[in-house]
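Visitor: I'm new to this structure, and I'd like a close look at one part of it. Could you take me through a sheet, strand by strand, and then show me what lies beyond?

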Amino acid sequence: MAKKILGSVISFFLCAIIAFVSCYFAIPDFNAWVNDIVNRDKNEQGDVIPDIPNDNNGGAIVSGSENSGIKLYSAEIPFSAYEVNGISPLADTAFVLTASIAPVDADNKQVDYSIAWKNPSSDWANGKNIQDYLALAQSADGALTATLACSQAFGEQAIITVVARGAESVKATATVDYRKKLINATGGIFNGDISTTKTWDKSSSIKIPSNYNWSVGTVEDTVKSSHMSVSVSSDLKNSLTSNFTSSSDRNIFMQTVDYNKSISWTLDNDGMFNSGGPYNSTGLEGPAGILSFCTDLYDYGEQEIISSKYNKLRTCLLSCAIDFVIVVSIETTNGGTIDATYKVNVLDSSLAILPSGITLDNSSIVF
């Protein structure tokens, strides 16, 4: 009886092992499987740790595998797994590559990896060392696995080749492209540099940047949408609270503009202070001016600045090092995102003191 039980237990484990192996070699989506391995906890795998997926704003792409007896698979490595996989933290994209040799019972499964420019004499690639852009490293001599790290943007396709040792006709190739990165966007008072405070005066405007600067690359990308929000700095908010007793007299709304709107705020009556214009046959349209609480409407949508409020506002603006905080968010067609936060200050000379009253020296005129 004991022998029968023991035999049943052994049979069970053998069946389980066979089922596991069968499933392993019949994985329908190898890339998904590799991604799963790469993202498992380090305590389980010993060489990788989980992470949020890398930013899709451009970078290297491995695709177009061709094979003759070898299949080559790739999966992107998340940034937090760079160190444990021997990838430089300065790399902007990295992949794990795995070659699969047929038949599965081949005696020699050693391979050699190499990489080269597809057209080394092209205008861009001529004279450029591929190692300065793409670093390919096998995990061990003859190993089926390797890593590919991209250190900077490149403008010529690269070809990865994997060749079976002792059988040079058995090989696989894959193409490496670089999808252009959106570096920054400019326009209005923005120039892509967020390290300094921007100056807003009468010669400039606040509007969604529309001039896009891209890195070099072999695959194009485009802007899908953009969004801009304008809000009051904490310093200006405190200053307004101190100078305006009524909340309605300091009500600077956070303004937002989307990609398909060509709204522009300027330091004049129609831009900064409008009450929701421009005015047309259907009424007021578009977002209100950032400082529209200083404006009063009259005569079918015409508007004027209230001097007493404006002069108080001017004092508040000039007392703050930063008046507004503007966030620009851009999304590319391929899912990349870029966010920029700008600090903006209104220029003193653009805010003249307005007259708030008028008197005559004599109360009457006698002829």
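Guide: Let's start with Ser63, whose bridge partner in E8 is Thr175. Strands here (at least two residues) and helices (H or I, at least four) are DSSP runs, numbered from the N terminus, and two strands count as paired if DSSP finds at least two bridges between them. Before going on, a word on where this comes from: the model is predicted, so local features need pLDDT of at least 70 and side-chain atom pairs count only at pLDDT 80 or more, while totals for chains, interfaces and linings use all residues. Residues are numbered from 1 along each chain as its sequence is written, and side-chain values use heavy atoms, with hydrogens and water left out.

E8 also pairs with E7, again antiparallel, through seven bridges. You can pick out Val162 opposite Ala172 in E8, and Val163 opposite Lys171 in E8. In a regular strand, side chains alternate between the two faces of the sheet. The hairpin of E7 and E8 has two residues between the strands, and Gly166 there takes a positive phi near 85°.

Put together, this is an open sheet of four strands in the order E1-E8-E7-E4, with antiparallel pairing. E1 and strand E4 (111-117) are the edge strands, each pairing on one side only. On average, neighbouring strands of this sheet are turned by 20° against each other, direction ignored; such angles run from 0 to 180 degrees between N-to-C directions, with axes fitted to C-alpha atoms, for helices over the stretch in contact.

Now stop at Ala164, in strand E7 (residues 158-164). Ala164 is buried at 7% relative accessibility, where buried means under 20% relative accessible area, exposed over 50%, and partly exposed in between (1.4 Å probe, protein chains only). Leaving aside neighbours within four places in sequence, Ala164 is in contact with Ile70, Gln110, Val111 and Val170; contact means heavy atoms within 4.5 Å. The C-alpha atoms of Ala164 and Ile101 are 8.2 Å apart, though 63 residues separate them along the chain.

One of those contacts, Ile70, takes us to another sheet. This open sheet of four strands has the order E2-E3-E6-E5 and antiparallel pairing. Strand E2 (70-76) and strand E5 (134-138) are at the edges with a single partner strand each, so one side of each has no neighbour in the sheet. E5 and strand E6 (residues 145-150) pair antiparallel over five bridges, and Leu134 stands opposite Cys150 in E6. Cys150 is buried, at 1% relative accessibility.

The axes of helix H4 (residues 234-243) and helix H5 (residues 307-318) come within 9 Å and cross at roughly 145°.
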